[in-house]
Amino acid sequence: MERTLWVVGLLAFFVVCLWLMYRAWQKKATRQQARIGELPTVPAELGAQLLEPTTGMYLGSTIAPSWQDRIAVGDLGFRATAELTRFERGILLERDGATVIWIPQESVTAVRTERGHAGKVMTENGVLVIRWTLPTGTEIDTGFRGDDKTVYPAWTAGAADSTRVTTGDDE
C-alpha cells in the first residue's frame, strides 16, 4: 500500500510540474504578444527565386539579440522540419505542421551563421540565423539548421543591398 501511495504521489507531482510549465509558457506568450504582433503575410507575387529550396529544421525564433529568449507567441517557438527558399521579395520558410513564415526583404537586417540558437547548440557555424524586424519594430532572430550546410555561404552572401550580411557572432 505504501508503494502505491508513493507512485500516485510522484505521478501527481509530475502532472503538476507539467501543468506549471504549460502555464509559464502561456504567460510568456501573453507578455510577448504586444511586441510580436501580426506576422507579415505571404504576398501573391514572390519575385524570382534567388536560391534553391533548402531543407532542414526550423529551430524557433528568439527576440534579438538573445539566442535563448524563445518567442512563445503562436507557433513561432516550436521546432519543425522546414524548407527555406529565398526570393527577390523575401524569404519563405515553409514548416511542416505549422504556419508559413514570410520574411520581407526590407525587414532582413542580417543573415549569418551561429553556433547555437533557441537552446540548440551545434558545431561552429552550424545554424543559419536570419535577423529581421517585425512590423511592430521588434527585432527577432529566426534559426534554421540545414540538412546541407554547404549552402550556408550562398545564404550569407545572397543578401540585397539593404541587408547587412555577416558570418559568425556579430554581437
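Helices (H or I, at least four residues) and strands (E, at least two) are DSSP runs, numbered from the N terminus. The model is predicted: local features need pLDDT of at least 70, side-chain atom pairs count only at pLDDT 80 or more, and totals for chains, interfaces and linings use all residues. Residues are numbered from 1 along each chain as its sequence is written, and side-chain values use heavy atoms, with hydrogens and water left out.

Start with the whole chain. It holds 2 helices and 9 strands. Read from the N terminus, the elements run α-β-β-β-β-β-β-β-β-β-α. The C-alpha trace spans about 70 × 35 × 30 Å along its principal axes.

Now the annotated region. An unreviewed UniProt entry lists residues 36-157 as "domain: PH". UniProt positions are given in the numbering used here, feature names are shortened, and annotations may be inferred rather than shown by experiment. Over residues 36-157 the chain is 48% strand and 6% helix.

Strand 1 covers residues 49-63, and strand 2 covers residues 80-87. The loop between these two strands contains P65. The peptide bond from A64 to P65 is cis, with omega near 5°.

Which way do strand 1 and strand 2 pair, parallel or antiparallel? They pair in the antiparallel sense, over 7 bridges. Two strands pair if DSSP finds at least two bridges between them. T54 has L84 of strand 2 as its bridge partner. L84 also stands opposite L93 in strand 3. Strand 3, residues 90-95, pairs with strand 2 in the antiparallel sense over 6 bridges. A hairpin of 2 residues joins strand 2 to strand 3.

Strand 2 is mostly covered. Of its 8 residues, 6 are buried (under 20% relative accessible area; exposed is over 50%, partly exposed in between; 1.4 Å probe, protein chains only). Across the 171 residues of the chain, 42% count as buried.

Finally, contacts and surface. Contact means heavy atoms within 4.5 Å. Among contacts in the chain with a separation of 6 or more, 62% come from residues 24 or more positions apart.
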